[in-house]
Amino acid sequence: EMSDDSLDIVVNPTDDDIYSSTYVIFDTETTGFNPGLHDSMIEIGAVKMKNGAVIETFDELINPGVLIDSEITELTGITNQMVKNCDNEEEVTKRFKEFIGDLPMVAHNAKFDRNMIEMAYHKYNLGEFKNTVIDTLALSRLIDQDQSRHGLSAITKRYGVEFDEEHHHRGDYDALATGLVFHKMMKKMEGINIIKVSDMEKLVNKDDIHKFGRSYHINLLVRN
């Protein structure tokens with residue numbers, strides 16, 4: 001069972017063709033989990049992919065201007081020493097903005113990463129973050145409903161993507177794994193005629209969603 005916000009498969013959808021698009025798959029590591037309050041990014045990792053192949057990568061550590069908590073270092077492997085001489089969040093976000101242009105973006109549990117980027121745009125007056133963002137977590141919950149686990153470790157295994165837990169939680173590593181999974185998910189969507197990015201929204205109320213898996217129990221909260 002899912003709440004409606006977990007079904008945000010795609011935010012700012014366009015009518016672009018899913019299969020010929022170039023995507024930026026991205027992942028952020030942060031000082032904590034409250035983008036609105038005082039937490040900031042300590043790494044942005046991203047890969048630009050087309051047809052499942054990497055075209056370009058982006059990976060920068062960020063000096064958050066505060067000490068990184070030991071729990072966060074344990075989770076991400078990013079230490080205070082590593083970020084000591086790195087640029088601040090504003091500089092790195094500006095470079096990332098240039099890197100992504102207006103390309104559609106993909107992330108696993110995208111809501112979190114999207115919030116971090118949106119907040120950085122807001123903090124540094126970089127305008128509004130309007131890129132399309134596709135969430136592989138929400139997508140997995142819909143197209144693999146017979147599965148109970150949808151974390152990155154689980155879905156890489158399911159789609160036969162090599163994934164090393166040791167490197168997990170480093171931006172560009174997680175981004176690449178997510179991108180390879182997304183490419184395989186596309187093949188699954190192609191099978192049921194999902195053509196445009198905006199078609200992904202139809203997955204939520206599609207009659208033929210059962211083609212993906214045996215059981216599909218979704219509680220949809222209908223917004224009038």
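User: Happy to start with a polar contact: which side chain does Thr-31 join at 2.9 Å?

Analyst: First, a word on the basis: this is a predicted model in which local features need pLDDT of at least 70 and side-chain atom pairs count only at pLDDT 80 or more, while totals for chains, interfaces and linings use all residues. Residues are numbered from 1 along each chain as its sequence is written, and side-chain values use heavy atoms, with hydrogens and water left out. A polar contact is a pair of N or O atoms within 3.5 Å; within protein, one must be able to donate a hydrogen and the other to accept it, and residues adjacent in sequence count only if both atoms are side-chain atoms. At 2.9 Å, the partner of the Thr-31 side chain is that of Asp-39.

User: Is Thr-31 buried or exposed?

Analyst: Thr-31 sits in the loop between β2 (22–30) and β3 (41–50); helices (H or I, at least four residues) and strands (E, at least two) are DSSP runs, numbered from the N terminus. Buried means under 20% relative accessible area, exposed over 50%, partly exposed in between (1.4 Å probe, protein chains only). Because its relative accessibility is 13%, Thr-31 counts as buried.

User: What is the strand order of the open sheet?

Analyst: Two strands pair if DSSP finds at least two bridges between them. β2 and β5 (residues 105–107), for example, pair in the parallel sense over two bridges, and Ile-25 stands opposite Val-106 in β5. The six strands, with mixed pairing, have the order β1-β6-β5-β2-β3-β4.

User: Which strands are at the edges?

Analyst: An edge strand here pairs on one side only. The two are β1 (10–11) and β4 (53–61).

User: Which residue caps the N-terminal end of α5?

Analyst: Helix α5 covers residues 136–143, and seven of its eight residues are buried; among them are Thr-136, Leu-139 and Ile-143. At its N-terminal end, a side-chain oxygen lies 2.9 Å from the backbone nitrogen of Leu-137. That oxygen belongs to the capping residue, Asp-135.
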